[in-house]
Amino acid sequence: MSKNNHVGLWNACLDIIRDNVPEQTYKTWFCPIVPLKFEDDTLVLQVPSQFFYEFLEEKFLDLLRQTIHKVFGERTKLMYSVMVVKNPPTAVPLPTHSGSSTPVSAVRKTTTKDIPQTPQITELDPHLNRDYNFETFIEGESNKLSRSVAEAVALNPAKTIFNPLFFYGASGVGKTHLANAIGTKIKELYPEKRVLYVSAHLFQVQYTDSVRNNTTNDFINFYQTIDVLIIDDIQEFAGVTKTQNTFFHIFNHLHQNGKQLILTSDRAPVLLQGMEERLVTRFKWGMVAELEKPTVELRKDILRNKIRRDGLQFPPEVINYIAENVSDSVRDLEGIIISIMAHSTIYNKDVDLELAQRIVRKVTQNESKAITIDNIINTVCKHFDLDTSAIHTKSRKREVVQARQIAMYLAKNHTDFSTAKIGSLIGNKDHATVLHACKTISELKEVSKSFQAELEEIQTALKQQ
Ligand SMILES: Nc1ncnc2c1ncn2[C@@H]1O[C@H](COP(=O)(O)OP(=O)(O)OP(=O)(O)O)[C@@H](O)[C@H]1O
């Protein structure tokens, strides 16, 4: 076979594929593929993005496999090379599911086993998501300040006054992305630094495991060896006193020894109910920066960038429509792109305004807002004409006790929080009090029709918030 014969063979594959899929699908998903090489029975296809690769594998694997086997031979294996839009460009080879049984996973998950059992200083996987870097983080009015502080910290970790650096903001506004970008940049500039990204949830699981296994000292010693510690979603520590205590000691040790701390949260430090005051105070020592909801201009820029990076093409009016109608979270924008591509492919429709309108409408209608403890407290207090602060006092007045019990009952039924956490967030009570409240309200509901009606009224108001 001549050196470039694989190109001719791939063109023969394209002819077959073209006869088997709608024209639009062919143009979108097969024209951008570049046959890189065919060696040792392995055909390497270059695809424009990870998203592209995943979509091909999910939707067209059988067609691809059959066609390639027919044209290149039965024993042919398929590998993908994903173009990474970076400077300099690099290609990441990925086996196809048909060519290898190796599971393909772009994001490595941290497990409790990753904690060394002894405090030896060993090579450390920072558990960063390398796709979340400064190059892919699009700047706009809503994140300008946070981004520039992040860059300053990345250039000089622990040498600026931004220590700790505390990012807060609503879901999907880019906190995790920016925190990872700092870590990734620091690893590029200072490869010897021990950088670690960990979610607050995983930190807590690791801590609990260490208590169970009697290895808490190892746990603490390990965290004290970190140069740049990034903890995501720190609000998860609310109500878990022992984890907070341990984190307090780690925080102090790192800060005193000139190490950088980066924390993210869904709310500002002052609003972190159930968090020890001494921790909240420390969170405010350095820089507290809010990531606001993206403006429409930023949403357009993010969409354009994402579409380009995924190797896709959307008409400008579609981009404008999505950006103007999906407002809160960047994650939602990304979901809509995937949904539009899936619909366009499955129903053989062009990506046009009509399709975008249909999908955006569907997504925004289906979006039932998550109920938070704050919503519950506000709704219950409004119903009983109480000040929200009354819930958190030690008052034993009948109406306050009942409002508190209803709030606990609703929190148990409408949120995923544990009873311990609900207790800490509603009146700073323990989990037994929450269980007692839930039992009392359930029983009252059974015996009193008027109470049942009142409870329903509160729940309806809660859902309308
Ligand atoms: N300014 C931005 N530029 C590019 N991508 C962004 C930007 N902001 C957010 N994103 C993307 O949106 C998605 C959600 O962002 P991220 O996970 O960082 O949000 P978050 O604020 O941490 O949300 P949560 O609190 O729910 O974890 C990610 O894929 C991220 O890359």
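This is a predicted model: local features need pLDDT of at least 70, side-chain atom pairs count only at pLDDT 80 or more; totals for chains, interfaces and linings use all residues.
Reader: Before we start, how are residues numbered, and what pLDDT do local features need?

Author: Residues are numbered from 1 along each chain as its sequence is written. Side-chain atom pairs count only at pLDDT 80 or more, totals for chains, interfaces and linings use all residues, and local features need pLDDT of at least 70.

Reader: How many helices and strands does the protein have?

Author: Both come from DSSP runs, numbered from the N terminus: a helix is H or I with at least four residues, a strand is E with at least two. Counted that way, the protein has 19 helices and 9 strands.

Reader: What percentage of the residues count as buried?

Author: A residue is buried if 20 or more other C-beta atoms lie within 10 Å of its own, exposed if 12 or fewer, and partly exposed in between, with C-beta atoms placed from the backbone. The protein has 465 residues, and the buried share is 35%.

Reader: Which residues touch the most other members of the largest nonpolar core?

Author: A nonpolar core is a set of buried Ala, Val, Leu, Ile, Met, Phe, Trp, Tyr and Cys residues joined through C-beta atoms within 7 Å. The largest one holds 110 residues, and those touching the most other members are Ile182, Leu229, Ile322, Ala407, Ala411 and Ile426.

Reader: Let's take Ala411. Is Ala411 buried or exposed, and why?

Author: Ala411 sits in helix 16 (residues 398-414). Leaving out residues up to four places away in sequence, Ala411 touches Ile373, Ile376, Phe417, Ile422 and Ile426, where a contact means C-beta atoms, placed from the backbone, within 7 Å. Because 27 other C-beta atoms lie within 10 Å, Ala411 is buried.

Reader: And Ile322, which residues is Ile322 in contact with?

Author: Ile322 is another of the residues touching the most other core members. Setting aside neighbours within four places in sequence, the contacts of Ile322 are Leu303, Leu333, Ile336, Ala356 and Val360.

Reader: Which residues come nearest to the ligand?

Author: Here, near means that the C-beta atom, placed from the backbone, lies within 6 Å. Helix 5 (175-189) and helix 12 (330-346) each supply at least two residues of the shell. Of the 18 residues around the ligand, the nearest are Ser171, Gly174, Thr176, His177 and Val330.

Reader: How do the residues of that shell divide?

Author: Ala, Val, Leu, Ile, Met, Phe, Trp, Tyr, Cys and Pro count as nonpolar, Asp, Glu, Lys and Arg as charged, and the others, Gly among them, as polar. By that scheme, the shell around the ligand has 6 nonpolar, 8 polar and 4 charged residues.

Reader: At what angle do helix 6 and helix 7 pack?

Author: Two packed helices are described by the angle between their axes and the distance between the axes. Axes are lines fitted to C-alpha atoms, for helices over the stretch in contact, and angles run from 0 to 180 degrees between N-to-C directions. Gln206, Tyr207, Ser210 and Val211 in helix 6 meet Thr216, Asp218 and Phe219 in helix 7. The axes of helix 6 (residues 200-212) and helix 7 (residues 216-223) are 7 Å apart, and the angle is about 145 degrees.

Reader: Which residues are joined by a cis peptide bond?

Author: Most residues other than glycine have a negative phi, and most peptide bonds are trans. This cis bond has an omega of about 5 degrees, and the residues joined are Asn163 and Pro164.

Reader: What is phi of Ala158, and where is the place of Ala158?

Author: Ala158 is in the loop between helix 4 and strand 5, and Pro164 lies in the loop between helix 4 (144-155) and strand 5 (165-168). With 19 C-beta neighbours inside 10 Å, Ala158 counts as partly exposed. Its phi is positive in a residue other than glycine, near 65 degrees.

Note on methods:
Two residues are in contact if their C-beta atoms, placed from the backbone, lie within 7 Å.
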